[in-house]
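This report goes through one protein structure for a reader who has not seen it before. It takes up a few residues, helices and a pocket in turn.

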Amino acid sequence: MLDAFQEEQLRVANYLRSGRITRATGMVLEAVGLRLPLGGACRIELAAPPHLRAQPVYAEAEVVGFAGDILYLMPLEDVHGLQAGARVFADDCLDGTAGARYFPLGMSLLGRVLDSSGQPLDGRGPLLGAHHASLHTQPLNPLKRAPIDRQIDVGIRAINALLCVGRGQRLGLFAGSGVGKSVLLGMMARYTQADVIVVGLIGERGREVQDFIDNILGEEGLRRSVVVAAPADTSPLQRLQGAVYATRLAEDFRDQGKDVLLIMDSLTRYAMAQREIALAVGEPPATKGYPPSVFAKLPKLVERTGNGPPGGGSITAFYTVLSEGDDQQDPIADAARAILDGHIVLSRHLAESGHYPAIDIEASISRAMTAIVSESQQRKAQQLKQTLSRYQRNRDLISVGAYAPGHDAQLDRAVGMYPHIERFLQQRIHERASVEETQTGLNLLFPGK
């Protein structure tokens, strides 16, 4: 009898099946009477304000956990007007399945600024010509990925010479606050040779979104870009979703055979959003307040990028990682360093001395460099690093006048070359340095084969 009733219930239209809110604690709501999968979408009925009494008001939410018949929901927006016993409806999607969510994708989104749900933020009207798909995709077979074997031009002299980036490589930009990481990202967005750019601004200040688009990305950069913005004042679920949506957009362009540059600022805010959600549903903290699910989600997000099958498209990704107090041993920084194909560290000391971009050459590395550049360039890059390192180790002696030339030939050479190396590594914000120009400059510093 009960089975027959459940079958009859399934035949009823999705919008007739609803549950009820039984509890609201912090960011998490508890609902009963509705069966939805983990990650499923739903709508919560709110009490309408007086001027909208005739129209129902709903808030979107997502299933973030369950216990028995109780669903744990997290709203994507503020739930003003939520009442005990409020009804919860499963969201209908394109194929008639309840609880799934579909997002706009495609080349028609170029030049647009979207929120984490795929809704336009730029006031330029609806998205025309976009197709819709789920955020979830099957992971690529690692044996079917094309190798990283070709250097791409990012337009930054220090990176093109010493931290070469390969097509399909994933690098972390490690920095504290206020050392120029956003400016460096904008330079790479404008100067990198890529068919499409996807920018994910996750958890940043709302003011920085407009500033990045207008002053850093610029009109030329925006024309071939899609920007997904989930600022700090949005819910943790929207920040988490924004990072996944930006990655899904990049995957869609890659599947069309495009070379994609994905810039995500920042991976740390993504981890913090997952921490907020995990702690809210009762997951115990493990490492410095971060639950285990945070460290499980990071590689799943990062591994979605990279090269596709041979002959297809690619996603070259840059993730900013915030180092709290410039601590490079922060758990998120440490986890990111382990799963990325290299890291570029920005130094506060260099930024404070007016050296831009403030890249700490000694602390940075590109793991794919040996596979994408000639042996000659590798040797010259190594020579530059050794010369710079020798000077930095003796900097205090030189500053106090304790250095006397003639005792160490290598140090004498480092002292003589340091002003030229420093000039080579510095670059103005509107200056582009191609790979060819960079190699010419490197050959002038270190002539010979």
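## His 355 and its surroundings

Leaving aside residues up to four places away in sequence, His 355 touches Leu 350, Glu 422, Leu 425 and Gln 426. This is a predicted model. His 355 sits in the loop between α9 (348-352) and β17 (365-366).

With one of these neighbours, Gln 426, the side chain of His 355 makes a polar contact of 3.3 Å. Is His 355 buried or exposed? Its relative accessibility is 6%, so His 355 counts as buried, the cut-off being under 20%.

## Helix α14

The buried residues of α14 are Val 435, Thr 438, Gly 441, Leu 442 and Leu 445. These residues lie on the same side of α14, because the arc they cover around the axis is only 125°. The cover over the buried residues of α14 includes α2 (157-162), α11 and α13.

Which exposed residues does α14 carry on the face turned away from its buried side? They are Glu 436, Glu 437 and Leu 444.

Ser 434 belongs to the loop between α13 (409-425) and α14 (435-445). Its relative accessibility is 10%, and Ser 434 therefore counts as buried. A polar atom of the Ser 434 side chain lies 3.2 Å from the backbone nitrogen of Glu 437. Not counting residues up to four places away in sequence, Ser 434 touches Asp 153 and Asn 160.

Ser 376 is part of helix α11, which spans residues 375-393. It has a relative accessible area of 24%, so Ser 376 is partly exposed. Ser 376 and Gly 448 are 72 residues apart along the chain, and their C-alpha atoms are separated by 9.0 Å.

## The largest pocket

The largest pocket has a volume of about 1,200 Å³. Elements that give two or more residues to its lining are β4 (57-67), α5 (236-255), α6 (267-280) and α7 (292-302).

How many residues line the largest pocket? The lining consists of 45 residues, and Leu 135, His 136, Val 244, Lys 297 and Arg 304 are those nearest the centre of the pocket. The largest share of the lining, seven residues, is supplied by α5.

## Helix α7

Helix α7 also has a buried side. Its buried residues are Ser 293, Val 294, Leu 298, Leu 301 and Val 302. They are on the same side of α7, because they cover an arc of only 150° around the axis.

Several elements take part in covering these residues. The cover of the buried residues of α7 includes β10 (170-175), α5, β13 (259-265), α6, β15 (314-322) and α8 (331-339).

## Helix α3

Helix α3, residues 181-191, is mostly covered, with 10 of its 11 residues buried. Among the buried residues of α3 are Lys 181, Leu 184, Met 187, Arg 190 and Tyr 191.

What covers the buried residues of α3? The covering elements include α2, β10, β11 (196-202), α4 (206-223), β13 and β15.

## Exposed loop residues

Pro 147 is placed in the loop between β9 (131-133) and α2. Its relative accessibility of 53% means that Pro 147 counts as exposed.

His 407 is found in the loop between α12 (395-399) and α13. With a relative accessible area of 72%, His 407 is exposed. His 407 and Gly 85 are 322 residues apart in sequence, and their C-alpha atoms are 83 Å apart in space.

## Cysteines

How many disulfides does a search of the whole structure find? The search finds zero.

Terms used
Residues are numbered from 1 along each chain as its sequence is written. This is a predicted model: local features need pLDDT of at least 70, side-chain atom pairs count only at pLDDT 80 or more; totals for chains, interfaces and linings use all residues. Side-chain values use heavy atoms; hydrogens and water are left out. Helices (H or I, at least four residues) and strands (E, at least two) are DSSP runs, numbered from the N terminus. Buried means under 20% relative accessible area, exposed over 50%, partly exposed in between (1.4 Å probe, protein chains only). A polar contact is a pair of N or O atoms within 3.5 Å; within protein, one must be able to donate a hydrogen and the other to accept it, and residues adjacent in sequence count only if both atoms are side-chain atoms. Contact means heavy atoms within 4.5 Å. The arc is that of the directions from the helix axis to the C-beta atoms. A disulfide is a pair of cysteine sulfur atoms within 2.5 Å. On a 1 Å grid over the protein atoms alone, a cavity is a set of points where a 1.4 Å probe fits but cannot get out, and a pocket is an open set with protein on both sides within 12 Å along at least five of seven lines; lining residues have an atom within 4 Å of a point. Grid points are joined across faces, edges and corners, and a volume is the space filled by probe spheres set on the points.
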